[in-house]
Each structure stands twice: as structure tokens, then as C-alpha cells.
Amino acid sequence: MPHTSALLVIDMQNTPVAIAYRAAETVAVIAGLRERAKAAGVPVVTIQDQGDGMEAGTQGWQVVSELRPEDDELIVHKTSPDSFLDTDLDKTLKMLGATEVVVTGFATEICVDTTARQALSHGYDVVVAADGHTTSVRSDSGAYASPTQSIAHHNEIFRHLAFPGRSIRVLPASEVDFSAA
């Protein structure tokens, strides 16, 4: 059965991108996906976090210029790692007729992971763009896994995650095929 996709761009705002691992590369990957999605008529939904340190309207809260939504693109504002919690994301996706979300953004182990899992719980199939999500720069020593390990770990978890009745794929951005949607 063909999917009707929507591309989710999660928290690619100035403040988080300023501390992101491989920020420029990740922004470029997402920008390429966004361009391909739009060319195929696939909707792009930008998820914009707000709260402490990212108050609405501030420079840090703004989406990075390369990914700034155009007037015809949808924006969902959130205040937690779950892009579905207390937002209109589910309603928006249903209005678009989406059955599958392509997940990208920041931060891999928090907002990207939580939103992807919640998408499954809300009845959507999920594609994780393996090279289209990132996390914060941090030392290899300490309680957190290195950024490289964290991204690889989460990609591998999603490759092996079984969710009844749902399709979960982890693909490099170059293999995401919006024309098949």
C-alpha cells in the first residue's frame, strides 16, 4: 500500500543548531530532503520548540535560515520533547492525509526519538532519515554517549524496533523516495 508522507523538521532552530554535532552537514541533508519533498508535493511540517532559553520571537527560537519555513508551509509549536503532546501535529497530519512521517531534526535521543515513537503510537508509519538527525556536541567522556555513538545507536534501535501494524524504516536521506509516496 502506498504511503502518503509528510516530512517533519524538528527543532532546527538557532539555539540548538549552535550546539549541534555536524550542524552544517545535518542542515544540508535536511535542506535537500525538504527541497525534494516540496518538489514531489509532499508537505513539510516544521516543529518549533519554545520555552526556557527559546522564548517565542527571540533569535535563538528562530528556525535556521536554510530551513526557515515558507509562507505555505506548516509550523507546529511545542513545549516538550513530544511533538504530539498538547499540539495540533496529529490533527495537521490527518488534515494532510499523511500515513507516514519522515523524521529529521534535533536532538536524536530526546525530541527525534520521542516524536518518532509517538508517531507510531498515533498510527503513522515512520522513516528515520539516518543522516538527517543530530545531537549536541559533547565530550566522549562522561555519562552520555558520544554524538556519533548516540546517532548510530538510535538508528540501530529503530532498525530493529517492532511495532505491530506499522512500518519503520531507517534510510540515508539519499534513499528517501518521495515520488513513491
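The model is predicted: local features need pLDDT of at least 70, side-chain atom pairs count only at pLDDT 80 or more, and totals for chains, interfaces and linings use all residues. Numbering starts from 1 along each chain as its sequence is written, and side-chain values use heavy atoms, without hydrogens and water.

Select residues 5-136. An unreviewed UniProt entry annotates this span as "domain: Isochorismatase-like". UniProt positions follow the numbering used here, feature names are shortened, and annotations may be inferred rather than shown by experiment. The end C-alpha atoms of residues 5-136 lie 28 Å apart, and the span is 33% helix and 26% strand. Helices (H or I, at least four residues) and strands (E, at least two) are DSSP runs, numbered from the N terminus.

**Largest pocket.** Next, select Asp49, Phe106, Ala107, Ile110 and Cys111, which lie nearest the centre of the largest pocket among its 18 lining residues. On a 1 Å grid over the protein atoms alone, a pocket is an open set of points with protein on both sides within 12 Å along at least five of seven lines; a cavity is a set where a 1.4 Å probe fits but cannot get out; lining residues have an atom within 4 Å of a point. The volume of the largest pocket is about 280 Å³. Volume here is the space filled by probe spheres set on the points, with grid points joined across faces, edges and corners. The lining has nine nonpolar, four polar and five charged residues. Ala, Val, Leu, Ile, Met, Phe, Trp, Tyr, Cys and Pro count as nonpolar; Asp, Glu, Lys and Arg as charged; the others, Gly among them, as polar. Helix H4 (residues 108-121) gives the most to this lining, three residues.

**Backbone.** Zoom in on Phe106 and Ala107. A cis peptide bond joins them, with omega about -10°. Ala107 is in the loop between strand S4 (100-106) and H4. Now go to Arg22, in the loop between helix H1 (14-18) and helix H2 (23-39). Arg22 is not a glycine, yet its phi is positive, about 50°. Most residues other than glycine have a negative phi, and most peptide bonds are trans.

**Cavity.** Finally, select Thr108, Val112, Asp113, Val128, His133, His154, Asn155 and Phe158, the lining of the largest cavity. About 40 Å³ of space lies inside the largest cavity. H4, strand S5 (125-134) and H5 each supply at least two lining residues.
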